[in-house]
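Please take a moment to look over the sequence and the model before reading on. The paragraphs below go from whole chains to single elements.

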Amino acid sequence: MPNFFTDNSDLQFQFKNLDLKDIVGIAEDNYEQAKEFNYAPVNYEDAIENYRKVLEVVGDIAGNFIEPRAADVDIEGAHLIDGKVHYAKGTRENLKQLSQADLMGMIFPRKYGGLNFPFTIYVMANEIISRADASLMNIFGLQDIGDTIKKFGNESQRQEFIPRFCTGEVTGAMVLTEPDAGSDLQAAKLQAYQDSEGKWLLKGCKRFITNGNGEILLVMARSEPGTKDGRGLSLFACYSDSTVKVRRIENKLGIHGSPTCELQFNDTPAQLVGQRKFGLIKYVIDLMFRARMGVSAQALGVSQAAFNEALKYAKEREQFGKAIYNIPVVTNMLIDMKEKIESNRSLFYSTAIEVDRKEKLEELIDKLKEQGKPFAEESQKLKYSMKLVNLLTPMTKYILSESANKVTHDAIQIHGGTGYMKEFNVERHARDARITNIYEGTSQMQVVAASGGVINDILAEHFDVKEKKEYKGGLNRLAGFLKEIREIYKEALKYVLDKKDPTFQDVAAKDLVDLYSYLYVGYLLLDEADIEPKKIFVANRYILNSLANARKNFESIKNENFSDILHAEEILN
Amino acid sequence: MFNSIVLVKQVPDTANISGKVMKDDGTVNRSKLPAIFNHEDKVALELALRIKETYGGKVTAITMGPPRASDILRECLFMGADAVYLISDRKFAGADTLATSYVLSEAIKKIGNYDLIFAGRQAIDGDTAQVGPQTAEKLHIPQVTYVEEIISCQKDTVTIRKKIDGGYEIVEAAYPVLLTVLKDAADTRPFKAKRIMAYKNAKSLTDLEGMTEGNSLLYTDKLVHEYEEKNLFIPTFTMDELKLDPERCGVKGSPTKVFKIESVVLAGGNHIKIDATKTGIGNLIDQLMADHIFG
C-alpha cells in the first residue's frame, strides 16, 4: 500500500513547513467561504488539514494505481485511429479515478465546482503524480488552461468552461507552438479572423501540441493581419469540434502516455479570451509561469522515482560479496542524487509559494479595485513578488529539468547493464525526463529569462539579511562559504558587465544564473538545516559542491572560455 | 429508485503485519494491528453507490463495532454514502455470527425503508461468511451470495450474476434482498476530495464524549446538537435503543466456542532434487501420493 505522499519524508518536511497563511487567507476571503460551502475550511489550520487529507488521496491513487499502470502506459502509448486520439488503457483509468476523487479542478473557485486549493498544493499533487507516471502530468497538469480562462476570460466563459474541467468531463490543451514558431512564439501565424457577424474563426496549423485532442483548446492566433510580432497575437478558446483535425501524433522518445498532436484548424469557431493583441505579451507569458512549474514538478517527480529505483536496486544487488550500496563510489552517487532532489525540492516549493503569492495578490487587487478600496500597499507587494517570480520560475525550471536528466541518467548507471534494459523502470524515467529541459521553454531560454534578475542582482537585500543571520555551530562554516560564493558572483558579474559585449553576456549568462542559484538555494537549505538536523547533510554537500562549481563558473567567465565562438565558422566547419 | 443498506466492518489489517502481533498463546493482539475497512465490504458499498447513481435512491452504511469503528463510517461518507450508523455497546463485545446478525437485523428493522442490503462475502478477520446470510434469515428476506455483478434492477426484481464452482449463475430475486459481494465485483472508487473536507470531522456520540472528557467547558448534549446542525453527527445505536434481548447479545448470545487455537509455523524442510525425466517425475508423484498430499 505505498502512498506517494506519506512515504516521502522530504515531501512531508516541505509540507509541514509550508507557510501559506497570507495566500490561503486571500483565497478563502478570510474564511468567509465556509459559510457557503460545507467543504471550505473554517481557519488556516483546517485548510492545511484539508490539503493534507486530499494529498493523501493523491498519494494513494498515485502509489497504488497510477504507478502500477505506468509501464504498460509507456508500452501502449496514445494512438491515433481514424483521426481520433485514444489514450492508453492505463491513462483512461487514471483519469477516471482522478475525476472520481474530485481532483481535476484543484485550483478553481468552488462556485465553478473546484476545490479552491492554492497553486502550491496543486503542484505538490503534480509532483506526486509525476513520480507515478510522468506522462500523466501532461494531462492532469493542464488544469492551468482553465486557470487562464478564469483570470482573463469573461464571466460567461468561466461558467461555460471551468465546471467541465472540474468534473473531469473534459481535458484541455495549450495550443501555441507552430512549425516555425517554437521558442520564438511571436512568429506564430495561425490566423484568426472575423466573419460578417463579427464571430471569430481560426484557420491554420499547430504542431507539438500536448494533449491536442483535449476537448477545450486555448489557441494563440494572429488576429491582426499584416503584423509580424507578438503584438498581433490574441488568445482564443474553442471546442475541438469537427473543424479541428488531428493530423498526426508524434512518435516520441518518452512520455508515451501523453499524445503530442499536430492540429489543423479549418475555420473553427472560437471565442476571444480577454483583449485583442494581449495573447502572447500578457496572457501566454502569465500562463508560462504556471506551466513551467508544472514541468518542474514533473522533473522532480521523475527524479524521485528514478532515485527510489536506484536506491532499492543498490541495496539488493550484490557484487564482490556485498550490496553495491556499500561500495563507496555508488554510495557517493546515491548521496549526490539525494542532495540534488532535496535541494531542488526546497527551491521548487519556495518558488511555488512565490507564484502563488503573485496570483493571489493579483486577485486581491482586482477585488479591492472593484470595491473602490485603496490597494497601494498590495501593489507594492505585487511588484516585488513579480520580480521574484520572473527570476525564480525560469531558474527553477532550468535547474530541476537539467537535474532530472542527470539523476535519471545516474539511476541507470547504478543499475549497470540491467538499467539499460526495458524490463526495468529506470530507462523509462530517463526517457521521460529528457523532454523536461526542452518543452515549455528550453533550458537556454530559461537562462535568458532568469538572467535579467541575476544581472540586476534583485535578491541583493535578501542575501544581505541572510548574511547577517547567525547560524548554529557547523552551519556558520557553511554560511561563510555562501559569503565566499557571493563575492565570486559579484566579481564575475562585474567582469561580464565591464566587457560591455552582448554576445559575451549571452553566453556567460548560464554561469551567472548558476552562481545566483547556489546563493538562493544555499540559504534555503541553511534555514532548513537550522530547524531539521537531517538537512545539515544536504546543506553541507550542496554548499560544498556549489563552492567548487562557483569557482569553475568564475574561471569560465574570467578565462573567457567561450571567446572562441567568434571563430565558430573555422571550428565547426 | 432503490434504497440500499450496506453492512460494513472494521478489521485488523492482516496483510500489513509488523512487530509482535501474535501473542504467546497464538491469538492475535488486535491492538498491535492497524484497523482497516474490510475490502469486500467496500466493494459492497461501491455496488450500492452505483445502483444509486444509475437508478437513484439512498445509500446507508452501518457497522457494529467498538467506538473507533466510526473511522470506516467516515470513509463511507468520503465515498458517497448518504447516511451512516454506528452500532456500538460494551454489551455487544464477544459476539459470534449469531449474536452479530441478531443485532444487525434489528438495526436494519429500525432504519427500515430498504430494497437492497449489501454485505461483503466475508471479513478477513473471521472468514466465516455467515453474518450476511444469517442477517437475511432473521429478516426473512431472500439472499444471493457470491455476487459478481448486478446486471440490472427492474421494478420488482434484481438480476444478478453470482459465482458458483466452475462458472456462474444468473439469478433474479425479489426485493427486499440481501446480497453478499465478492471482491472482484467492482473496483472501488477513491475518496472524493470534497466529501473528505466536508465530513472529516463527522463524529459519533462516543467520539464527542471523548472530546468532553477532561474539558469542563464542553457539554456532550450541546456538542451533539452542534454536530447535528452541521450534519456531522454519526448516530449511534446501543442495545437499549434497539430494545434488544440482552441474552441474545455479545458473549451471552454467542454459542460458538473456540475449541483450540493453534499457531502454525510454516517452515521449509529439506530440498530434494528431482531429475527432469519421466521416471524422476513419476517417482515424485508416487512419493506425494504416499504422503497423502496427492490423491
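What follows is a walk through the two chains, their contact, and a few local features.

This is a predicted model, in which local features need pLDDT of at least 70 and side-chain atom pairs count only at pLDDT 80 or more, while totals for chains, interfaces and linings use all residues. Residues are numbered from 1 along each chain as its sequence is written, and chains are lettered from A and ligands numbered from 1 in the order in which they are written.

Chain A has 18 helices and 11 strands, where helices (H or I, at least four residues) and strands (E, at least two) are DSSP runs numbered from the N terminus. Its C-alpha atoms fill a box of roughly 70 × 65 × 55 Å along the principal axes. Because a compact globule of 573 residues would have a radius of gyration near 25 Å, the 24 Å of chain A agrees with that expectation; the radius is taken over C-alpha atoms, and the globule rule is 2.2 Å times the number of residues to the power 0.38. Of the 573 residues of chain A, 50% count as buried, a residue being buried if 20 or more other C-beta atoms lie within 10 Å of its own, exposed if 12 or fewer, and partly exposed in between, with C-beta atoms placed from the backbone. Among contacts in chain A with a separation of 6 or more, 75% join residues 24 or more positions apart, two residues being in contact if their C-beta atoms, placed from the backbone, lie within 7 Å.

The domain assignment divides chain A into domain 1 (1–141), domain 2 (172–277), domain 3 (279–455) and domain 4 (459–565), with bounds that come from an automatic or database domain assignment. The C-alpha centres of domain 3 and domain 4 of chain A lie 19 Å apart, and 16 residues of domain 3 are in contact with 14 residues of domain 4. On the domain 3 side, the elements giving two or more residues are helix H10 (328–370), helix H11 (376–415) and helix H13 (443–455) of chain A, and H10(A) gives the most, with seven residues. By class, that side of domain 3 has 10 nonpolar, four polar and two charged residues, where Ala, Val, Leu, Ile, Met, Phe, Trp, Tyr, Cys and Pro count as nonpolar, Asp, Glu, Lys and Arg as charged, and the others, Gly among them, as polar.

In H8(A), A:Phe161, A:Ile162, A:Phe165 and A:Cys166 are buried. These residues lie on the same side of H8(A) because they cover an arc of only 135 degrees around the axis, the arc being that of the directions from the helix axis to the C-beta atoms. On the other side of H8(A), A:Ser156 and A:Gln159 are exposed. The buried residues pack against helix H7 (143–152), strand S3 (172–175), strand S6 (216–222) and strand S7 (233–239) of chain A.

Chain B has eight helices and 13 strands, and 38% of its 295 residues count as buried. The contact between the chains takes 11 residues from chain B and 14 residues from chain A; the chain B side divides into six nonpolar, one polar and four charged residues.
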